[in-house]
Amino acid sequence: MSGFVGVVVSDQNLQSQFTQVELRGLHSNFVSARNESEKVTLDNLPPVMCKLKALKDILTEDDISRILNESSSDMTEEIDFESFLRAYLDLQKRATAKLGNTKLKGSSSFLKARTTTIRHNISESEKTSYVAHINNFLREDNFLKDYLPIDPSTNALFDLAKDGVLLCKLINVAVTGTIDERAINTKKVLNPWERNENHTLCLNSAKAIGCTVVNIGTQDLVEARPHLVVGLISQIIKIQLLADLNLKRTPQLMELVEDSKDVEELIGLAPEKVLLKWMNFHLKKAGYKKTVNNFSSDLKDGEAYAHLLNTLAPEHGTSTTLDTKDPTERANLIIQQAEKLDCKRYVTPQDIVEGSANLNLAFVAQIFQHRNGLSVDTKKISFAEMMEDDAETSREERCFRLWINSLGIDTYINNLFDNVRTGWVLLEVLDKIAPGSVNWKQATKPPIKMPFRKVENCNQVIRIGKELNFSLVNVAGNDIVQGNKKLILAFLWQLMRFTMLQLLKNLRFHAQGKEITDADILNWANRKVKSAGRKSQMESFKDKSLSNGMFFLELLSAVEPRVVNWSVVTKGETDEDKKLNATYIISVARKLGCSIFLLPEDIIEVNSKMILTLTASIMYWSLQHKADTPDTIPEEDNENAAYDESPAAPTDEYPAAAAGGDNASS
């Protein structure tokens with residue numbers, strides 16, 4: 001990151017909640033709050049804070065003074081910039097809660113997942129709906145069946161969530177196989193260490209399926225803070241309910257578009273937007289004149305529901321629903337009609353009438369799952385299947401997409417290749433990992449109508465990449481705009497790799513100020529395993545012997561002996577045993593605290609890029625938590641000196657753009 005000077009905060013957790021753009025703006029406001037003595041006190045903050053965008057027109061100067069008075073008895077106390085940021089976050093939470101109680105009553109924790117983590121009020125109706133979902137999908141679970149069904153009128157949901165088992169199980173319901181259940185601590189009574197492990201596994205796994213957990217920590221879940229638990233559960237359930245809203249799972253969605261240009265647009269849409277498009281497609285066929293643009297106000301009168309159900313299930317159709325004038329009675333009839341399709345868990349008549357966006361979304365998604373009403377056009381389905389990427393490209397797209405979403409940038413990625421083509425997302429990521437690198441005055445935020453503005457954004461992306469020593473020979477911004485998948489993946493691999501190496505380099509008391517290379521990571525892993533008395537070694541990140549998983553299990557055991565339960569480990573001799581070990585490795589690493597996004601197939605097939613990310617993540621955790629001599633990276637290390645292969649080096653699969661520049665050399 002040399003050459004780029006951003007606003008640096010010593011508390012990494014605090015810094016992670018802001019982009020560099022936000023930090024620079026807030027720092028300017030902090031400086032403007034200085035008094036005649038060049039100090040900033042709590043007394044100076046109200047007139048400055050009330051003008052900030054997130055607080056303006058929501059909290060008055062008096063409101064802010066009162067809130068600050070609650071946190072300190074001395075308003076003349078001098079504060080530093082970090083205290084200023086914490087005060088701002090607290091005020092932002094208060095403003096969001098106030099807005100939720102007034103203008104945005106019933107706003108969507110499904111649709112605005114990042115904001116739900118700072119809302120302190122919860123909807124009892126949503127809580128009841130989520131409890132019904134949990135009771136239905138986990139009632140047969142061997143461990144949880146002793147605690148289910150949960151009574152939604154009590155705090156039993158939060159009491160049960162405190163051990164972390166419930167949330168881990170719910171993630172597996174949403175995306176089967178995400179967590180190896182052998183890694184979950186499921187004793188009846190857990191000690192604090194085991195409880196924390198479960199929550200660490202939960203949060204890292206939630207990120208790995210697409211949840212945004214920037215503002216949630218393990219302690220929040222140990223304490224089962226209601227607004228955070230409900231916010232996380234809502235995200236997990238949303239992912240489950242919308243899983244089929246893509247061409248890969250439901251190629252019949254091709255019926256919603258007319259030509260190839262529309263197909264590109266469909267691929268880039270968020271699942272909830274696809275659901276709206278599907279709903280409007282059927283409503284238009286039913287002769288309904290209005291367009292449904294949201295899951296709240298546009299559904300309150302129930303007319304759209306009545307037309308949709310009559311079209312999808314004519315055998316249960318009735319004119320009575322539309323003839324009824326009372327909205328609550330109509331909503332009641334809608335639910336009765338939907339129950340005939342086995343859609344009944346998520347909404348009450350009151351939820352429809354009040355326009356509960358979360359629960360309406362869940363209800364519409366459930367209708368889609370039971371009766372999507374799309375024809376089987378074999379020509380269009382064949383076209384959809386032709387558009388699918390090969391398995392490895394799909395896995396890498398998934399990995400980079402989830403990694404970007406985990407960074408907490410403003411833009412949420414639904415389709416990597418489509419969403420990065422404007423360049424804006426990549427600039428946000430670069431600003432996050434290389435603070436101050438982006439010239440925002442020369443950037444254009446989407447939606448972008450003029451194509452050359454996209455090229456300008458992407459040209460800046462390439463320029464910054466070259467300044468970070470990425471290898472980008474013959475690569476131009478237009479390659480990103482055109483959606484060149486290999487070059488996009490190559491650039492993102494270098495971006496992720498740069499981030500990992502910088503994190504390791506920043507642990508200077510280990511690295512002794514030297515650059516970290518791929519060879520350092522390899523040598524550290526081999527030394528660590530050897531120091532634990534194990535015999536496994538890896539020759540490179542492409543070593544085919546890694547496919548059985550034994551090396552990584554021994555490495556994990558070496559950095560934390562109690563984390564691997566060897567009684568459930570297989571010999572890794574058959575494909576099935578390799579899969580079991582690989583799944584267990586990923587869950588154990590996440591349980592330890594590693595934020596990783598690879599899949600078991602990446603270990604089994606020895607995908608060198610993903611193997612490097614896994615090893616580096618384990619190394620980073622170990623160096624953070626155990627400052628012991630064996631972990632220190634020496635100035636010279638000739639062990640494995642013959643290592644000359646870098647997974648970031650140019651390959652036939654990824655051309656020169658895949659190289660890692662100076663950082664790739666050892």
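Reader: Axes are lines fitted to C-alpha atoms, for helices over the stretch in contact, and angles run from 0 to 180 degrees between N-to-C directions. At what angle do helix 9 and helix 10 pack, then?

Author: Helix 9 (residues 165-174) packs on helix 10 (residues 192-208) at about 25°, and their axes lie 9 Å apart. That makes the two roughly parallel (angles under 35 degrees). Helices here are DSSP runs (H or I, at least four residues), numbered from the N terminus. This is a predicted model, with local features needing pLDDT of at least 70 and side-chain atom pairs pLDDT 80 or more, while totals for chains, interfaces and linings use all residues. Residues are numbered from 1 along each chain, and side-chain values use heavy atoms, without hydrogens or water.

Reader: Nice! Which residues make that contact?

Author: Helix 9 brings Val165, Leu167, Cys168 and Ile171, and helix 10 brings Asn198, Leu201, Cys202, Ser205 and Ala206 (contact: heavy atoms within 4.5 Å).

Reader: And how far apart are the axes of helix 15 and helix 19?

Author: Those axes are 12 Å apart, and helix 15 (residues 303-312) meets helix 19 (residues 357-370) at about 10°. This pair is therefore roughly parallel. Tyr305, Leu309 and Leu312 of helix 15 touch Asn360, Phe363, Val364 and Ile367 of helix 19.

Reader: Switching topic: which residues touch the most other members in the largest nonpolar core?

Author: Leu232, Leu275, Trp278 and Met279, in a core of 171 residues. Such a core joins buried Ala, Val, Leu, Ile, Met, Phe, Trp, Tyr and Cys through side-chain atoms within 4.5 Å (buried: under 20% relative accessible area, 1.4 Å probe, protein chains only). Helix 26 (residues 485-505) gives the most to this core, 12 residues.

Reader: What does Met279 touch?

Author: Leaving out residues up to four places away in sequence, Met279 touches Val292, Leu299, Ala304, Tyr305, Leu308 and Val364.

Note on methods: Buried < 20%, exposed > 50% of the residue type's maximum accessible area, 1.4 Å probe, protein only. Parallel < 35°, antiparallel > 145°, perpendicular 65-115°, else oblique.
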